[in-house]
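Thanks for coming. I have one structure to go through today, and I will keep to what can be read from the coordinates.

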Amino acid sequence: MQSQRPGASDHRAGLALAAALTLIVIWGVNFTVQKYVYSATGPGGFLFARYLIMPLCAVGLLFWRFGTQWPRVTRADFWVLARLGIAGHFLHVGMVTYGIHWSTAFSSSLILACGPIFTLLILRWMGVERLQRAQIVGVAIAFGGVLVFLSDKLLAGNWKASGGDLFLLVAASFFSYYTVAAKPMIERLGGIVTMTYATIIGSVPVVLFSLPAGLAVQWSQVPVSVFVAMLWAVTISAFMGWLVWGWVNSIRGVARTAPLMYLMPPVAGLVAWAWAGEHYTGTKLVGAAVTLGGVAIAQFSGSRRPAEAAPVID
């Protein structure tokens, strides 16, 4: 058996870091890209198109990996995968889509970065992990930061944007549930089977829900640039991004990779400022910094292993 050549592991680790940083940029850009698509299709039209494309990607991946002999699952596993599909796709992605539409790119990225907070709370509720004092403090700081961040919208009576942010906060909790509930399935069935089956099953209610909005779009009048942006958001940012992030975690480990997720809101903010003309007050920037600091404290303090920072599958 040949031993691994010297430097090979360092090379793989370097590639994984480069891939992770590239994904952070892609995900940060994607918030503004999606809002651009919504301008032509609306959030419902985007959902409809996305969940016609996503199952095709999942089926293609299954054929590439298993040919025509797809793995069988038990009836019990099927219902677990169905719950994952409902939570991760119908509820999380559906709510994120409308939340981004009602809010701004920077706000959306920051609120969704609170996902690890909900993961910790769900683990505590399930009795898997006890929250340490530092984690409780981090949770309190994070939610205090969110209130500061939203204060300008609340004081200005901008209820549509504020409602979008709160919608996103609930959506983050659904993906945290997905992250926790998917782990035993991934360990038993593998990441590809779990992801693709949950995607295919979860696509059914999303398509049914978004069908009226999708049929209302005049697709022949949609600019080519919107179709390109949509394909990029669905196939590169969402589908391929999930797969690459899983590979990065397998090389670097979740503990070393998770902190990179906190670079996503600054990237999203810079892109929205440069491309979409978003502007930020000092209060909003302070609130964002406090929120990210609280999430980091809660995730990495007082625990032997941090709560998993799964990718945002929007």
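This is a predicted model: local features need pLDDT of at least 70, side-chain atom pairs count only at pLDDT 80 or more; totals for chains, interfaces and linings use all residues.

The protein chain has eleven helices and zero strands. Of its 314 residues, 49% are buried. If you take the contacts between residues at least 6 apart in sequence, 88% of them join residues at least 24 apart.

The largest nonpolar core has 66 residues. Those with the most contacts inside this core are Ile24, Trp27, Phe31, Phe46, Tyr51, Phe239 and Trp245. Which helix gives the core its largest share? That is helix H1, residues 8–66, with 20 residues. Another core, of eleven residues, lies apart from this one; among its members are Leu84, Ala181, Val193 and Tyr197.

Take Phe46 as an example from the largest core. Leaving aside residues up to four places away in sequence, Phe46 touches Gln34, Val37, Tyr38, Thr41, Thr97, Met230, Ala233 and Val234.

Helix H2 covers residues 75–102, which is 28 residues. From first C-alpha to last, H2 reaches 39 Å, close to the 40 Å expected at 1.5 Å a residue. There is still a bend of about 25° in H2, at Ile86. Helix H8, residues 224–252, has a kink of about 45° centred on Gly241. After H8 comes Gly253, with a positive phi near 90°.

H10 has 13 residues and spans 17 Å between its first and last C-alpha, close to the expected 18 Å. Its buried residues are Met264, Pro265, Val267, Ala268, Gly269, Val271 and Ala272. H10 is also followed by a glycine with positive phi, in this case Gly277, near 75°.

On to the aromatics. A search of the whole structure finds ten aromatic pairs. One of them is Tyr36 with Trp275, with centres 6.3 Å apart and 35° between the planes, a tilted arrangement. This pair links distant parts of the chain, since Tyr36 sits in helix H1 and Trp275 in helix H10, 239 residues apart.

Phe78 and Trp79 make another pair. Why is this one edge-to-face? The ring centres are 5.3 Å apart and the planes are at 80°, and planes over 60 degrees apart count as edge-to-face. Phe78 is partly exposed, at 34% relative accessibility. Separately, Tyr98, Trp102 and Phe167 form one aromatic cluster.

Last, Ala58, which is found in helix H1. Why does Ala58 count as buried? Because its relative accessibility is 0%, and the cut-off for buried is under 20%. Which residues does Ala58 touch? Not counting residues up to four places away in sequence, they are Thr196, Thr199, Ile200 and Phe239. Ala58 and Thr196 are 138 residues apart in sequence, yet their C-alpha atoms are 4.9 Å apart in space. Phe239 has come up already, as one of the residues with the most contacts inside the largest core.

That is where I will stop.

How values were computed
Residues are numbered from 1 along each chain as its sequence is written. Side-chain values use heavy atoms; hydrogens and water are left out. A nonpolar core is a set of buried Ala, Val, Leu, Ile, Met, Phe, Trp, Tyr and Cys residues joined through side-chain atoms within 4.5 Å. Buried means under 20% relative accessible area, exposed over 50%, partly exposed in between (1.4 Å probe, protein chains only). Helices (H or I, at least four residues) and strands (E, at least two) are DSSP runs, numbered from the N terminus. Contact means heavy atoms within 4.5 Å. The expected span of a helix is 1.5 Å times one less than its number of residues. The bend at a residue is the angle between axes fitted to the seven residues ending there and the seven starting there. Rings of Phe, Tyr and Trp (its six-membered ring) pair if their centres lie within 6.5 Å; planes under 30 degrees apart count as stacked, over 60 as edge-to-face and the rest as tilted.
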